[in-house]
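Hi everyone, thanks for coming. I'd like to walk you through the pockets and the metal site of one model today.

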Amino acid sequence: VIFLIFTVIVGWMAKGFIGRSLIRFAEGLVQRTPVVRTVYSGIKQISETILAKGKHPVTHNLLSENALKVLYRLHKSGYQAYLVGGGVRDIFIGQEPKDFDIATNAEPEQVKKLFHNCRLVGRRFRLAHILFGRDVIEVATFRGHHDSEQNQKTSKQSDGGMLLRDNVYGSISEDAERRDFTVNALYYNIADRAVYDFAGGLADLENKQLRLIGDPETRYREDPVRMLRAIRFAAKLDMQISPETAEPIKRLASLLQSIPAARLFEETLKLFLNGKGLATYKLLRQYDLFQPLFPLVNKFLTEDGSSNCDKFIEIALANTDSRINSGKRVTPAYLYAAMLWYPLEALAEERVIDSGLNYQDAMLLAMNDALDSQIKTIAIPRRFTATIRDIWHLQGRLPRRQGKRAEKVFEHLKFRAGFDFLEMRAQIQNDELVEVTQWWRDYQSANATGKQNLVKAINGGKPAQKRNRRPKKKPAPRNNQA
Ligand code: ATP
Ligand code: MG
């Protein structure tokens, strides 16, 4: 203390640059150790650690302009406004945040009054979305504790403990307890620019521990999707799931069956299209969470990962990861097409045996079977199932290159995806597809004459011929009697 007072006095007397530096140094000493204070959040005492401005890595140049606009507007209107969740967590570990989530004491209707570009969404969990073109800033009102006396309009729980409605508002410390993982409960306050940690998230970030807040089993029963979030964050953040948080997962994995298929579609996008899809997939399997999401595919997987289906999924995910990590576009359709390919082949063969259909017709029906089965758990939107079918169709067409066929298939809108898919299958099966793939590689890089020569080679040296079509039947004479 004496040293501090001495530094400040000398700084004061020195004035100018040296003086200012000395005073800043003294301030730094005061702020270096985080402040720990105890607050009461409704039911229990929790410790709050505060890292003052400058003592943490969150700076405004790391936040999006839109997130800052929303934070400032709330603050200037007299509300509390904090950045929370992935936005703060990712900055702490040196990753670029995917999106920015904001927490406030303003209720959704009050938020709506402040922003003309605001839309209120969600029944189970009411949120305000502030829209800036394609960028969406999510603003959530502090959640509070549920009690048995609560109004059904704001809070509702199923017999199994699942939260059907979670719209009870509370204080920031209560809000922190209702968040999922400790590392997701760090709050950056726009008012004092400090980071508030209510759940031990800073220590867990340091030790790379992913830990649920509260009793893990209760929290998973409230919302089984938290099991998927545990896996996603463990892979994305390269963290260990703490033993208590990991323990109930296998036991409770089947609870995912009660989650609406539309929500699971959104979650699987986050699981597999985050640049760490392969690591995420391996963890899902390790924790028995793949089965409830992909029951049909799961039947074709083996313990030692030796089936074609196992290999295909791993190669498709590794490709997807490397495309994402080099900034290329990806479509979830490709991944779903790959996951379901070997089950689809098996379903088609079953159809051939059971109903004596030819393979092509059986394949068409099997496509419906495979997709109908998958959308029961994961509601893949129609625009993606259309692409999945295209990719599958092309697998039948790509080997048939005679005559005008190659040219036609090459013009197909999804040729590239179909070809990439074929290339992956060839890699796994190591059969006649290897030759087909090589032929298509040559075809794509050849000029017009080169393309013709490649087709001739397929036709045994003859030029591409028009297919012999059966002469069209003459149309039947129209009966003109009115
Ligand atoms: P991402 O990088 O994927 O955006 P995130 O942690 O920000 O990760 P979001 O889904 O954007 O995840 O949610 C924002 C925050 O809301 C989370 O950090 C967490 O605090 C809270 N949250 C989200 N989903 C849940 C949930 N199911 N249960 C409890 N808290 C949740
Ligand atoms: Mg987020």
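Predicted model: local features only at pLDDT ≥ 70, side-chain atom pairs only at ≥ 80, totals over all residues.

Residues are numbered from 1 along each chain as its sequence is written, chains are lettered from A and ligands numbered from 1 in the order in which they are written, and side-chain values use heavy atoms, with hydrogens and water left out.

So, which residues line the largest pocket, by class? We have 14 nonpolar, seven polar and 29 charged. A pocket here is an open set of points on a 1 Å grid over the protein atoms alone, where a 1.4 Å probe fits, with protein on both sides within 12 Å along at least five of seven lines; lining residues have an atom within 4 Å of a point.

Of its 50 lining residues, Asp99, Asp101, Glu138, Arg229 and Lys270 are the closest to the centre.

Two of those names return at the magnesium ion, ligand 2: Asp99 and Asp101 coordinate the ion through OD atoms at 2.1 to 2.4 Å. Donors are N, O and S atoms within 2.8 Å of the metal (3.2 Å for Na, K and Ca), and water is not among the atoms, so sites may look incomplete. Asp99 is partly exposed at 30% relative accessible area, while Asp101 is buried at 18%; buried means under 20%, exposed over 50%, partly exposed in between (1.4 Å probe, protein chains only).

Finally, the lining of the second largest pocket has nine nonpolar, seven polar and seven charged residues.

Notes. Nonpolar A, V, L, I, M, F, W, Y, C, P; charged D, E, K, R; others polar.
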